[in-house]
Amino acid sequence: SLIARRTLRELPRSSRIRAQLRRMSNRGAGAEDTPLALKSDKPIILVLGSGWGAHSLIKVIDTDKFEVLCVSPRNHFIFTPMLPSSAVGTVEFRSLLEPIRIANPFVTYIEAECEVLDVKRKLALCSSTFAYENGRKPQFEVAYDAVVIAIGEQTATFGVPGVTEHCYFLKEISDAVGLRRRIGQCFELAALPGTPEEDRKRVLRFIVVGGGPTGVEFAGTLRDFVRGDLARKYPELMGDVEVVLLQSAQSILTQFSAGLQDRALETFRKTGVSVRTGVRVIAITQDQVVLEGGERLEYGVCVWSTGNAARPLVQSVAGAVPEQQEALQGRNPAAAKLAVDPFLRIAGVRDAIALGDCSRLTGAPLPATAQVAGQQGAYVARMINRGYRLGTGGLEKPFPARWKEKSAREEVEYFEKPFAFLSLGLMAYVGSDQAITQFEAGKASFSLAGYLSFLLWRSVYITKQVSTRNRILILFDWVKTRIFGRDLSIY
Ligand code: FAD
């Protein structure tokens, strides 16, 4: 048999070695197992994901007490709020990343995707991101004591035909790399001698679908790129460039106050971003965006940023647990999130925690933001470090508000508090060194717009970087862009 299969199996509890990554070599079934890694007698915590939630957990968790195994198809954390800036070259891609192996060298990382989670047997079936030459992807199983699901969500396409094939998303670094390359190609194509006028206008029309913070920030930064660097290099094309933002709701940035929405619209009017609200996209073809009512807009680049949908793993876990079905209350499975209690434990599942975008706090849902995911990751790590007794959790038993653990040296008293989100406000960059900011303190809300808000936006993002290395890289990128402009090379 050519099937290669890796198995991480729990050995008998009595054994000092609790788990081993084993490989049944592709010499066939029955061949001798080759232990590869992970020998431990500590409780195994399986962390699924390497985004905001998982990354902040990994930074805080105590690896002296726990064997932490991180499985994610992405071997790095991405500072997502800066993806739009990296897609136009204001900052470089690598400045936004931190490899998981650097984030915490004592965490075992495996580049793979969890496909099936057997929550009863506490086993995760995972498959590698890489395939052998015969196209098969190595698979392995992980036996865990507790699992943390932090796999986020995927881009929602709402079943609109052509979106997956023809649109760019803004979710991964590869999306930003592809988008940056395509923008450069469009300008070079338009600048080719003999390009007919209608083709020039088509390739220079950039359409952004979705008027949320990501769509707005991308439209704003793209307009900066065009008005700044591209205008200097391709002055003859400027009359043909169009940036269009399409939004199905009647306004953009609906999370912000009406006053701030107007400020964003005003900035777009001044900088030449055309905003069309109340329009629904019903199909995307290779070169046209089709609107409800039949109107067709030709485009060179179409960026799709209309919100999120559940990943298949979340749908399958939610589908298998009756308590999750109840929490879903007949909602579309594509909108499923894992219902969690105030301690972020998954309703109806033992020893399982969900956090970030893929989870939903029962009773008081929180916004799907990096702020929430990051705070939840750190909260869960602290809770585990302070003695959340693995193997005795689960909703069947109410979480003890107060419990004592006697160690040989000392008696430690723990007081566990439910997760409380501290909102640090909302921010969005709208282009032309202008941003909007909204803070909430209790019932009061304060807002700020303009250049001061842009300076605040930059200072918040620089302080929120996950390491000094990233902070320095981003600062250098900003200075470099100010002095030399953005890099226009296509690679
Ligand atoms: P993610 O960060 O999405 O991480 C999910 C992880 O799970 C990824 O590593 C993924 O590879 C991995 N994964 C997926 N499937 C599997 C699987 N089957 N098995 C194992 N691993 C898996 N929020 C803000 O607060 N402020 C902002 O300014 C802001 N700007 C944004 C800009 C953009 C362009 C985007 C895309 C998002 C922005 N957000 C912002 C939202 C924020 O990024 C998300 O809310 C946050 O990433 C959620 O964190 P998470 O850990 O739940 O999921």
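Modeller: The ligand is surrounded by 34 residues, and the closest are Gly49, Gly51, Gly152, Gly356 and Thr369. A residue counts as near a molecule if its C-beta atom, placed from the backbone, lies within 6 Å of it. Please note that this is a predicted model, in which local features need pLDDT of at least 70 and side-chain atom pairs count only at pLDDT 80 or more, whereas totals for chains, interfaces and linings use all residues. Residues are numbered from 1 along each chain as its sequence is written.

Biologist: Which elements supply at least two residues of the shell around the ligand?

Modeller: They are α1 (52-60), β5 (67-72), α2, β8 (108-118), α7 (213-233) and α11 (370-385). Helices (H or I, at least four residues) and strands (E, at least two) are DSSP runs, numbered from the N terminus.

Biologist: And how do the residues of that shell divide by class?

Modeller: The shell around the ligand has 18 nonpolar, 11 polar and five charged residues. Here Ala, Val, Leu, Ile, Met, Phe, Trp, Tyr, Cys and Pro count as nonpolar, Asp, Glu, Lys and Arg as charged, and the others, Gly among them, as polar.

Biologist: Which domains does the shell draw on?

Modeller: At least three residues of the shell come from each of domain 1 (5-153 + 310-415) and domain 2 (163-308 + 424-483). These bounds come from an automatic or database domain assignment.

Biologist: How is the protein divided, and how many residues does each domain give to the contact?

Modeller: The protein is divided into domain 1 and domain 2, each written as two segments: 5-153 + 310-415 for domain 1 and 163-308 + 424-483 for domain 2. Their contact takes 24 residues from domain 1 and 23 residues from domain 2. Two residues are in contact if their C-beta atoms, placed from the backbone, lie within 7 Å.

Biologist: Which element gives the largest share on the domain 1 side?

Modeller: That is α2, with six residues. The elements giving two or more residues to this side are β6 (76-78), α2 (83-88) and β7 (97-99). By class, the side of domain 1 that touches domain 2 has 13 nonpolar, seven polar and four charged residues.

Biologist: Let us turn to sheets. What is the strand order in the parallel one?

Modeller: Four strands form an open sheet in the order β15-β14-β13-β19, with parallel pairing. Two strands pair if DSSP finds at least two bridges between them.

Biologist: Why is one side of β15 and of β19 left without a neighbour?

Modeller: β15 (273-277) and β19 (301-304) stand at the edges with a single partner strand each, so one side of each has no neighbour in the sheet. The twist averages 15° from one strand to the next. Strand β13 (residues 205-209) is joined to β19 by four bridges, and Phe206 stands opposite Val301 in β19.

Biologist: Which helix packs on that sheet?

Modeller: α7 does, touching β13, β14 (242-247), β15 and β19, and its direction makes about 175° with that of β14.

Biologist: What about the hairpin of β27 and β28?

Modeller: Two residues lie between the strands, and Gly442 takes a positive phi near 60°.

Terms used: Axes are lines fitted to C-alpha atoms, for helices over the stretch in contact, and angles run from 0 to 180 degrees between N-to-C directions.
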